[in-house]
Structure formats: C-alpha cells, structure tokens
Amino acid sequence: MSNPCGCDPVEAYCVKCKAKKNMSNAEKVTMKNGRSAMKGKCPDCGTGMYKIVGKG
Ligand SMILES: [Zn+2]
C-alpha cells in the first residue's frame, strides 16, 4: 500500500476518541532528543496527536 506521492496518511491514536485516526495537518518534527515524530491533529475532535517515527 505505498503511495507514490509520499503523502500517506499518518495513523495515530487519539486519546480523546480512544481510537486510531488519520491525523490531519500532519507534519514531521524533530524532538529535542533528535528523534523524529509526526505531529498533527485529530480530524474529529482536534486533539493534538503525536506519533513517534523510527529514525530519520
Ligand atoms: Zn479525536
């Protein structure tokens, strides 16, 4: 299920909806410890969501 445009939806867990959602406004951020994460919002309730991505 690869996406040629490289803009795959980022699935993350919403603590408010208690369900996995495809986060909206997903953007890649680098945390202080040097790891990368995806940061976005729940499309349903707007709660901030984070997903740690591996390396890079
Ligand atoms: Zn939510």
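## Overall architecture

From the N terminus on, the elements of the protein chain follow the pattern β-β-β-β. The model described here is predicted. The protein chain contains four strands and zero helices.

Of the 56 residues in the protein chain, 11% count as buried. Among contacts between residues at least 6 apart in sequence, 27% join residues at least 24 apart.

## The sheet

The four strands form an open sheet in the order β1-β2-β3-β4, and the pairing is antiparallel. Strands β1 and β4 (48-52) lie at the edges, each pairing on one side only. From one strand to the next, the twist averages 50 degrees.

## Pairing of β1 with β2

Strand β1 covers residues 10-14, and β2 covers residues 19-30. The two strands pair in the antiparallel sense over five bridges. Within this pairing, valine 10 has methionine 23 of β2 as its bridge partner. Alanine 12 is likewise bridged to β2, where its partner is lysine 21.

Together β1 and β2 make a hairpin, with four residues between them. Lysine 18 belongs to the turn of this hairpin.

## Pairing of β2 with β3

Strand β2 also pairs with β3, in the antiparallel sense and over five bridges.

## Pairing of β3 with β4

Strand β3 comprises residues 36-41 and pairs with β4 in the antiparallel sense, again over five bridges. Here glycine 40 has methionine 49 of β4 as its bridge partner. Strand β4, which spans residues 48-52, is an edge strand of the sheet.

## Residues with positive phi

Lysine 18 is not a glycine, yet its phi is positive, at about 55 degrees. This residue is placed in the loop between β1 and β2. Lysine 18 counts as exposed because it has 7 C-beta neighbours inside 10 Å, and the limit for an exposed residue is 12 or fewer.

Asparagine 25 is another residue other than glycine with a positive phi, near 55 degrees. Asparagine 25 is found in strand β2, whereas lysine 18 is in a loop. With 10 other C-beta atoms within 10 Å, asparagine 25 is therefore exposed.

## Summary

The predicted model presents a chain of four strands without helices, arranged as an open antiparallel sheet in the order β1-β2-β3-β4. Five bridges join β1 to β2, five join β2 to β3, and five join β3 to β4.

Note on methods: Residues are numbered from 1 along each chain as its sequence is written. This is a predicted model: local features need pLDDT of at least 70, side-chain atom pairs count only at pLDDT 80 or more; totals for chains, interfaces and linings use all residues. A residue is buried if 20 or more other C-beta atoms lie within 10 Å of its own, exposed if 12 or fewer, and partly exposed in between; C-beta atoms are placed from the backbone. Two residues are in contact if their C-beta atoms, placed from the backbone, lie within 7 Å. Two strands pair if DSSP finds at least two bridges between them. Axes are lines fitted to C-alpha atoms, for helices over the stretch in contact, and angles run from 0 to 180 degrees between N-to-C directions.
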